[in-house]
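User: I would like a close look at a single part of this structure. Please keep the explanation plain and define the terms as you go.
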Amino acid sequence: MKDQLHSNFIKSSNLIFATVGLGIVNFFFSHILLNGTNIVTAIFTLLFISGLGLLVRRGFAWVKYLLLVLTIVGLILIMFIPNDPTQNTIVIIVNIAQTVIQVWATVLLFRVPKIIDNKLAE
């Protein structure tokens, strides 16, 4: 078990859990509920992100690299999502908020001093 956890791990995990909460809100306002495959994908995604939040909360420093890769891939793929004029404005706002929060959660993890990173890796 980790002795002392840097506050950025806790802040970052809280932000990640906030994106999960926003994802649940998004779940009910989007067209996801119309298709069984979309429901399964949304639930898997929310569980995966929750798992990342738990790993961050436990102080696993390597998760920051996974989050960085996932954030970069997500930002690239967001440009290829077709603009759906029937999409609810709330869904668009929540998606933007989730993106900003996830980027900030990743930045917080990279702001943890190396000494603490190395100590937690032991």
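User: By about how many helical turns are phenylalanine 44 and phenylalanine 48 separated in helix α2?

Analyst: By about one helical turn, because phenylalanine 44 and phenylalanine 48 are four residues apart in helix α2. The model is predicted: local features need pLDDT of at least 70, side-chain atom pairs count only at pLDDT 80 or more, and totals for chains, interfaces and linings use all residues. Residues are numbered from 1 along each chain as its sequence is written, and side-chain values use heavy atoms, with hydrogens and water left out.

Helices (H or I, at least four residues) are DSSP runs, numbered from the N terminus. Helix α2 covers residues 36-57, and its 22 residues should span 32 Å at 1.5 Å a residue, which agrees with the 32 Å between its end C-alpha atoms. The expected span is 1.5 Å times one less than the number of residues.

Buried means under 20% relative accessible area, exposed over 50%, and partly exposed in between (1.4 Å probe, protein chains only). The buried residues of α2 are Ala42, Leu46, Ile49, Ser50, Leu52, Gly53 and Val56. They lie on the same side of α2, because their arc around the axis is only 155 degrees; the arc is that of the directions from the helix axis to the C-beta atoms. The face turned away from that buried side carries exposed residues, among them Thr37, Val40 and Leu54.

Phenylalanine 44 is exposed, at 57% relative accessible area, while phenylalanine 48 is partly exposed, at 38%. After α2 comes glycine 59, with a positive phi near 95 degrees.

How values were computed
Helix = DSSP H or I, 4+ residues; strand = E, 2+ residues; numbered from the N terminus.
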